[in-house]
Structure formats: C-alpha cells, structure tokens
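I want to keep a notebook of what I look up in this structure, entry by entry.

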Amino acid sequence: MAKAQTKAASVVPFDCSGRDYEPVPGDFVLKEYGADSELDTNFASQSFWKEVRKKFFHNKGAVVGLVFLCILTFFAIFGPFMTPYSYSEQSAAHNLAPRIQGIENMGIFDGSETMTTTTGSKKYNGYAEGKLYDTFYWFGTDKYGRDIWTRTWTGARVSLIIAVAATLIDMVIGMSYGLISGYFGGKTDMIMQRFVEVANGIPRLVIVTLLLLILKPGMITIIFALMLTEWIGMSRIARAEMLKLKEQEFVYASKTLDAGSFFIIFKDILPNIIGPIITQVMFSIPTAIFTEAFLSFVGLGIPVPQCSLGSLISEGYNSFTTHPYQIIPPIIVMALLMLSFNLIADGLREALDPKIKEG
Amino acid sequence: MKKYILKRVLISLFTLLVILFVLFVLMQLMPGSPFNDEKLNDSQRAQLYAKYGLDKPVVIQFLTYVKNMLTGDFGVSYNISKNTPISELIATRLPISMEIGFFAVFLGAIVGLILGVIAAIWHNTIIDNICTIISVIGVSVPSYVFALFLSYQFGFKAKIFPMLFDSKMIMKSSVLPSIALSMFTMASIARFTRSEMIEVMDSDYMLLAESKGLSGRALVFRHALRNACIPIITVLAPLIVDLMTGSLVVEKIFAIPGIGSLLVNAIQSNDYNVVISLSFIYSAMYIFIMLFVDILYGIIDPRIRLSKEGS
C-alpha cells in the first residue's frame, strides 16, 4: 500500500509546491453504497455478459450440455420419488430385468432377459416366474432386490452433491490463494508459489486414498479429501488473471481512494475474473466425479447401503456378464453428466474468450 | 539454463522429502495395527513391534524410514504375502505395469495427434464435429468403463482377446487394457492439438509460409504441427500421471498382476507397508516425469526458460 500511495502522490497533476498543504487520509473517503448513491449500470460489464450469453447459446454443444444437465439434475432431485421403492429397501425380487409399463408390449423392456448357461441360452422372465404381474422396475433390480431406478438417481444426487461441494470449496480456497499471491507479489508471492510447486509435485490421488484409509469414509470426509485435489489449478488461473489486471487504471483509482488491499482484491478485481474461474469450476466438477467414482471402485467410497454413481458401477461390475442391465444405467448417467459438464465448460470458455470471434 | 535445471532439481528433491514426511505421518495415523490378530497376546505383540522397529522414538523411525526408502528397502508385507520383501513384490510387477502404461501413452498420443490435426485441417466441418464428439466422449467416460465395455465385447462375447490377463500371452492380453487406458490420453491430446493447431494456422507466419507457395503436407507438418507440438508436451505430463491412477482400476478389471492391482489389494487388506511403499513409488515417478517435462520444455522453448529465470 505504501508503495502505491507514493506512486499515486507522484502523479498529482496540480503544482502544490507553492502551498504548504499536506494531503491527509481524510481527503479521499470511499463512499459507501447507500440510498443516495447510484451505480453506473448503463455501460461496462453489462454488454459484456450479454455478449457472452449470446455466444454461449449460439454454441450447439453447450446448449445440449445445459439441457442434459437440467434433465439429469431434475431426475437426481425428483427421480427417487417417482417409484414406490426406497434406495435401500431390499426385497425377494432380486435380479429382475427392466420392465416399463406400455413399452413392454413392444417386446422390449418387458422384464425378460437372455440367460446364457453351459447348455445354451434361453429367455427368462423373472416377473412371470415370481408371479409379479403388477410390478414394474423401470431399470430392474439388483441382487438384493433393490430398485435400480431409485438407486441410480439417488446415486446421481450423491455424486453431484459431493462433486459440486468439493469444487466450490476448492474454488474459494484456490481463488483466494491465487489472488492474494498475485496481488501482493514479491516475497509473499515467491513463498506462496514455492509452496504450490511442492504441493503440485505430490500426486493428489495417492494422498486422497491414504487420507480416506485413515478417516472414516462418508460424504463429508470424501468432500474433504477431494477438496485437496483441485485448488492448485484454480489458484494458478486466479494468479495469472490477477497479474494481468493489477496494473490497470481502475486498480490505481481504487488505491488513490484509499481502498484496502482486500477490498481491491475481492470487490474490484474478483468480479473481473469471474469468467475464467467459472470455466475452471465447470472443468473441475467432472474431475471430482471421476475421483469419487475411482474411490468407490477401490472400496473407499460412500458406505453401504448409501450409494453414488461410482459405487453402483462397481457393484454392477461384479455381475456385468450375467446381468448387464444392472451396470448400464449408472454408467450412462455418469457419462452424460461428465459430457454435459465438459460441453458447458467448453462453451463457456469459448464465449468468454474475447479472441474468439463469432462465426 | 544450468541455473534453471538446478532449481527444478532442488525443488523436486525437496518435494520428495515432503512426500516422505507426509507418508510417514499418514502411516502413524493409520487405524488399527497390522497385528490385530486376536490370537496374539501382549508380549507377542510387543515382540513383533520390536522386530519391525515400531517401538523406537518417532524421529529415529522417520530417519531410518527415509534411509530405507531411498535405498529401495521398503520393508516386508504384513498381510498380502507375509514377510515377503516389498521390493521383491514390486520388482516382478512393475515391468508389466510399465509396459501397458507405455503402450497406452504411445497409442493415445499418436491417435490423439492424428485426430486433432484432422479436426484442425477441416475446421468447422462434419469431420471436425466427428473428431470433437469422439474426443468429448473420451474425456467423459472413465477408463474403467471402457475397460468393462472392451472386456465384455471383445473378451466375453467375441472372444478375440483374453478377458483376463494371461501370463502365457502377454502381448495379446495387453491389447485391451492398453486401449482402455489410452482413451483419456487420446481424447485430451486430440482436444488440445485441435485448439493449438487452429491457433497456429491463424498466425502470421503460417500466412507467410502459405504466400511463399507452400501447401499441403509441408505446410501442415513442417510448419504448423511442429509449433503446435511444444505446448502439447506440457499436457502430456499430467496425462501420464492420470494414466497411473487409471491403471489401478483397469489392472484390477483385467486381473493384471501389476503394481496398480497390488495397491488396490493392499488398500483393501490394510497392508500399510505396501500402500505406503507404492505411494512412494508413484510419487517418485510423478516427480520425475514432471521434472523431465519441465526441463524438456525449457530446452525446446527458450521463451519459457528466459521468463522463468527472470522471475
């Protein structure tokens, strides 16, 4: 700050040498936003975001991604309520193939599956055998007789919550770290960047795995462990953007008005770099879903009977040659989730990049 | 340049020490003990602790630990195969993992480059869209899903390749795991190559090359691809690391006797010594690859070297 003040003082255009007036801190007081003050909303950022929105919705892939994400989120919230079954309720109706009202008359999703044995293959319908004529499991049931429809959407919900929560916490940590490091520069930056270099050299997944071996697996601990994985990338982006912006006039203007460092960092600069940060968040969420699925597969995921997409896939994996329908729904939902986040992130990046012109 | 390399090496060594420290602390925090056998009484347990040096002060334990790790003495396995030196367990498994990993990187890099270049040359056409769709699917689907799909289609149904790893035909049984592993690398490289190539093709020196009368292959390969390759090297390092983690699950699915499946087994049977040793090996490989790529990058691109030295 001291450096900034001398810089600001040196560019004062008036010749003050003749008068013995010493500038005091009270000369420039930052005005609080109140009822009598108005923000200039006609210019500046508004048109930029309008442009971004236009470019984003011009991008077919991004729109498809957004639509998919909305549908998936809708089902993740309401899907489990659409059936009379709960995600942990076990029944005798185990390993039933998918059966859907109406469509079953067309010969597909009628609850029959082809069993391959040593003597050859035959068609088998668990609903007919078990005399369950009025029962419909849309995605079938697993080996404990739990409804896969309910479990898939409950799992999608859990995976989404974990990924979004972990990424948002990452964003806050990484962003603050990068912004502070970039803004203060000098020794602070050097020490903070050395720390990042060392932290970056540690393979995160190894640490996450070890951490989960120690802590008891559960949603909170998984979020905590995932938190450690993505903040470095976020901090790099925030720092790079900060280095670009901190020499700009509006920052000097704010300094002249005696704004504190934290005001400048979080109120003046942050709103200007929010675009790249959101893009990075969109890229980070699929990574978090990936990592969570990996942990489930290794056996360090959400404890049973709760489920996530990863744990559903690793459960279905055990019987995927005999009952492939059990593993297909969670895989498709997961792939669609990753796909839509990636498409949205791509669209955002292109929309926010001023270099890429429309066309 | 020497100063830059020296700095990078020092940072890497320091990182390695930090990792050793973290691993050591984590090992102290592991729940339970490897000697949870109910048949053991207290004196027998104390004897075992003494045998493995677990009764000494923590500082001494750490120092001996660092010395042992750096000399390749990882101790013995507690659970997976009792009293076998871990270095022995790893020695037989590491080559298999390395081989599959190498295949996967090679395959992913080559196919990814080709896809990316094709997409960039026919930018904004149907061909570009197809390549983009392939690469988006590649980054969106976890490698173990590919592994399951491939082992179901080509192993279980078509029976072209063995479904599980067979030590009698290593080459043939490495095909499916390598393909499954390479998908993510391939897709990432394709995406990156495409955007780099498009940027390079728009540049002034490409316009110059074109106005000189160059066309076709010479233009794309000699001028565009060479310049686009420089940034691609940087993404290769994190991709190789992603590959390592992907290999854990893929090795498990194909029952490959590599270090990945060893780590998964060790995690599931609480064999800490093995987990910690393998974590160390993974970390050391990771640090080495990062160091190698950073130095390589510095040699190729003088701008990076100079700017890093300046700061």
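**Entry on one residue of chain B.** I looked up Ala147(B) and found that, leaving aside its neighbours within four places in sequence, Ala147(B) is in contact with Pro177(B), Ala180(B), Val250(B), Ile253(B) and Phe254(B). Two residues are in contact if their C-beta atoms, placed from the backbone, lie within 7 Å.

**Entry on the numbering and the model.** I noted that residues are numbered from 1 along each chain as its sequence is written, and that chains are lettered from A and ligands numbered from 1 in the order in which they are written. This is a predicted model, in which local features need pLDDT of at least 70 and side-chain atom pairs count only at pLDDT 80 or more, while totals for chains, interfaces and linings use all residues.

**Entry on the nonpolar core.** I then asked which residues have the most contacts inside the largest nonpolar core. They are Leu226(A), Ile289(A), Ala147(B), Ala180(B), Leu263(B), Val275(B) and Leu278(B), and the core itself has 153 residues. A nonpolar core is a set of buried Ala, Val, Leu, Ile, Met, Phe, Trp, Tyr and Cys residues joined through C-beta atoms within 7 Å. A residue is buried if 20 or more other C-beta atoms lie within 10 Å of its own, exposed if 12 or fewer, and partly exposed in between, with C-beta atoms placed from the backbone. Helix 5 of chain A, residues 148-184, gives the most to this core, with 15 residues.

**Entry on the two chains.** I looked up the secondary structure and found twelve helices and zero strands in chain B, while chain A has 13 helices and two strands. Helices (H or I, at least four residues) and strands (E, at least two) are DSSP runs, numbered from the N terminus. Buried residues make up 37% of the 311 residues in chain B, and in chain A 38% of the 359 residues count as buried. The C-alpha atoms of chain B fill a box of roughly 85 × 60 × 30 Å, taken along the principal axes.

**Entry on where the chains touch.** I found 35 residues of chain B in contact with 28 residues of chain A. On the side of chain B that touches chain A, the largest share, nine residues, comes from helix 1 of chain B. By class, the residues of that side divide into 28 nonpolar, seven polar and no charged. Here Ala, Val, Leu, Ile, Met, Phe, Trp, Tyr, Cys and Pro count as nonpolar, Asp, Glu, Lys and Arg as charged, and the others, Gly among them, as polar.

**Entry on a helix pair between the chains.** Helix 13 of chain A and helix 5 of chain B pack at an angle of about 120 degrees, with their axes 8 Å apart. Axes are lines fitted to C-alpha atoms, for helices over the stretch in contact, and angles run from 0 to 180 degrees between N-to-C directions. That angle makes helix 13 of chain A oblique to helix 5 of chain B; angles under 35 degrees count as roughly parallel, over 145 as roughly antiparallel, 65 to 115 as roughly perpendicular and the rest as oblique. I also looked up which residues meet: Ala335(A), Met338(A), Leu339(A), Asn342(A) and Leu343(A) in helix 13 of chain A meet Val136(B), Val139(B) and Ser140(B) in helix 5 of chain B. This contact divides into six nonpolar, two polar and no charged residues.

**Entry on a helix pair inside chain B.** The axes of helix 4 (residues 86-121) of chain B and helix 10 of chain B come within 8 Å and cross at roughly 130 degrees, and these two helices are therefore oblique to each other. Leu89(B), Ile90(B), Arg93(B), Leu94(B) and Ser97(B) of helix 4 of chain B make the contact with Ile259(B), Gly260(B) and Leu262(B) of helix 10 of chain B. I counted these residues by class as five nonpolar, two polar and one charged.

**Entry on two single residues.** Phe24(B), which lies in helix 1 of chain B, is partly exposed, with 17 other C-beta atoms within 10 Å. Not counting residues up to four places away in sequence, Phe24(B) touches Phe62(B) and Tyr65(B).
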